[in-house]
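Colleague: I have a model open and keep wondering where the labels come from. Could you take me through a few of them?

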Amino acid sequence: MASLASTLEKLTHGNRRTEKMRRYIVVESIYQNSGQIAPLDEIVNLKEKYRFRVILEESHSFGVLGKSGRGLAEQYGVPVDKIDIITAGMGNALATDGGFCTGSVRVVDHQRLSSAGYVFSASLPPYLASAAVSAVNYLEENPSVLANLRSNVALLHKELSNTAGLEISSHVLSPIVFLKLKKSTGSLTTDLGLLQTIAEQVLKEDSVFIVASKRSNLDRCKLPVGIRLFVSAGHNESDISRVCLSLKRVSASVLSGYT
């Protein structure tokens, strides 16, 4: 947050032009590349201090965070009207396709008149919209789904807490569980190679699919290097135990000379 506050201060201090510009803080609720959760309460405080707007991307948090799964604002107890625009893809918790963008009446009216669906007749097919509505209704009628998800995330954290050579760096509520090397080899190429070897071996030996970090020359910031696992309410204890046993065994073998 200190870095964000510093950036906002530099952008606004003594610059009268910024007062007339549309300025946005764009933030992911749960970061796909690290499993960290954005501190929305602090971001809203900065928004109000520096007179910015907030665009909140909730693809990984809608249907996940908050008492009833309404997302990051509910998780932090932030009034939803303090968030100017909320967007989310519907391919995660809602198990359908497409996405949505919502906000104040003014924002929604602008979206209706300017979006591709209105201008080019490329609206979401009715059956996908219907599937999303059904998924939301199901979550409201079955709050145990959220309890199961949180129980699975907690179990995975517990089982992987003493994995050789790896440590969890993601938030305890995030269904994206991110593990990083406890000790880097000092070479990014070697680190990435070790992580990719672990991912390939658990898939080959135990049919467990995990994702190792990728890097691109187009990356403008240094993304964290590690392994990602994705947890859902549909997993059971047997599934999680299988993943943990496989990952522990393979990581101990691959990283034996580096820990």
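Colleague: What makes a residue part of the lining of the second largest pocket?

Modeller: This is a predicted model, and a lining residue needs an atom within 4 Å of a pocket point. By that test 18 residues line the second largest pocket, and Val64, Asn92, Ala93, Val231 and Ser232 are the ones nearest its centre. Helix α7 (residues 144-160) gives the largest share, 3 residues. The volume comes to about 350 Å³.

Colleague: How many charged residues are in that lining?

Modeller: None; the classes are 12 nonpolar and 6 polar. Only Asp, Glu, Lys and Arg count as charged, and Gly is put with the polar ones.

Colleague: And the largest pocket, what is its lining made of?

Modeller: That one holds about 1100 Å³, and its lining divides into 14 nonpolar, 9 polar and 9 charged residues. Cys101, Thr102, Gly103, Val107 and Gln111 lie nearest the centre. Helix α4 gives the most, with 6 residues.

Colleague: How do you know that β2 and β3 pair?

Modeller: Pairing takes at least two bridges. Strands β2 (residues 53-57) and β3 (residues 85-89) have 3, in the parallel sense, so they count as paired. On β3, Ile85 is the bridge partner of Ile55.

Colleague: Why are β1 and β4 called edge strands?

Modeller: The open sheet runs β1-β2-β3-β4, with mixed pairing. β1 (24-28) and β4 (99-103) each have a single partner strand, so one side of each has no neighbour in the sheet.

Colleague: Which strands does α4 lie across?

Modeller: Helix α4 (residues 105-114) lies across β3 and β4, at about 140 degrees to β4.

Methods: Residues numbered from 1 in each chain as written. Predicted model: local features only at pLDDT ≥ 70, side-chain atom pairs only at ≥ 80, totals over all residues. Heavy atoms only, no water. Helix = DSSP H or I, 4+ residues; strand = E, 2+ residues; numbered from the N terminus. Contact = heavy atoms within 4.5 Å. Axes fitted to C-alpha atoms, helices over the stretch in contact; angles between N-to-C directions. 1 Å grid on protein atoms, 1.4 Å probe; cavity = no way out; pocket = protein on both sides within 12 Å on 5 of 7 lines; lining within 4 Å. Points joined across faces, edges and corners; volume = space filled by probe spheres on them.
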